[in-house]
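Subject: Structure handover

Hi,

Here is the structure for you to look at. Please open it before reading my notes.

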Amino acid sequence: VYWLSARLWSVGALLAALAIPRGSDARALRRGPLLALTVGGVLAIVASDYLWISRRPLFFIEGEGLTPLKKGLEILVAGAALVGMVAYRRMHRRRGDLDAADLSLALGLTVLSELCFTLYARANDSFNLLGHVYLLLVSYGVFHALFVDAVIAPHERAGAMARELVASNAELQRLRDHVQGELAVTIRDLRSLQEQREDLLRAVSHDLRT
């Protein structure tokens with residue numbers, strides 16, 4: 001129940017994120033409302049399981065396998081993930097976002113995972129195990145998109161820009177020192193020429209008086 005609910009929640013959140021404009025500052029997207037929504041969703045799932053779901057075999061019947069409801073929900077998650085995969089792929093082609101490419105791949109693997117979860121007959125058969133392997137890859141893709149691409153990569157780019165700025169400042173300082181040196185030499189030459197001019201004028205003036 002909780003595992004299926006988590007997948008429904010994750011795929012639904014990624015689909016909902018498609019409708020949010022980049023850089024949106026809506027109050028509903030702040031931590032408080034999102035935390036309240038998540039806690040409310042968890043409490044609703046726990047209450048449903050305690051009061052209704054756990055009282056009857058809705059998803060799996062021993063000796064028979066998965067119920068039509070379980071298969072239908074897995075196909076629903078797979079269909080939603082397929083829609084999200086196509087949407088994020090288009091976003092990647094349109095904007096060139098690396099995180100959109102990672103999320104598209106993750107949702108594509110989610111489709112394969114959900115299809116595997118519609119085929120197993122026992123908890124330890126190959127389809128169930130393969131579905132969980134796909135989900136591990138999905139988790140890595142989502143982590144890479146939401147943390148590596150969104151947090152670490154910009155930090156690394158900022159660090160690279162800072163290093164380039166330091167190198168540029170060092171080059172500017174070197175050029176400044178060079179210009180100051182050339183300026184000092186020029187001023188010294190001008191003073192020397194001024195002194196030579198004054199000596200010449202004094203000599204000519206002396207000769208004229210003589």
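Below are my notes on its salt bridges.

This is a predicted model: local features need pLDDT of at least 70, side-chain atom pairs count only at pLDDT 80 or more, and totals for chains, interfaces and linings use all residues. Residues are numbered from 1 along each chain as its sequence is written, and side-chain values use heavy atoms, with hydrogens and water left out.

Side chains of opposite charge can pair when their charged atoms come close. The structure holds 5 salt bridges (a side-chain nitrogen of Lys or Arg within 4 Å of a carboxyl oxygen of Asp or Glu).

Start with arginine 7 and glutamate 74. Their side chains form a salt bridge, 2.6 Å from N to O. Arginine 7 sits in helix α1 (residues 2–17) and glutamate 74 in helix α3 (residues 68–95), so the pair ties together parts 67 residues apart in sequence. Helices here are DSSP runs (H or I, at least four residues), numbered from the N terminus.

Glutamate 74 also bridges to lysine 70, with the closest N and O atoms 2.4 Å apart. These two are 4 residues apart in helix α3, about one helical turn. Glutamate 74 is buried, at 0% relative accessibility. Lysine 70 is buried too, at 7%. Buried means under 20% relative accessible area, exposed over 50%, and partly exposed in between (1.4 Å probe, protein chains only).

Now go to helix α5 (residues 126–209), where arginine 174 and glutamate 171 lie 3 residues apart. Their salt bridge is 2.7 Å, N to O. Arginine 174 is partly exposed at 46%, and glutamate 171 is partly exposed at 37%.

Salt bridges with shared partners join Arg7, Lys70, Glu74 and Glu114 into one network.

Best wishes
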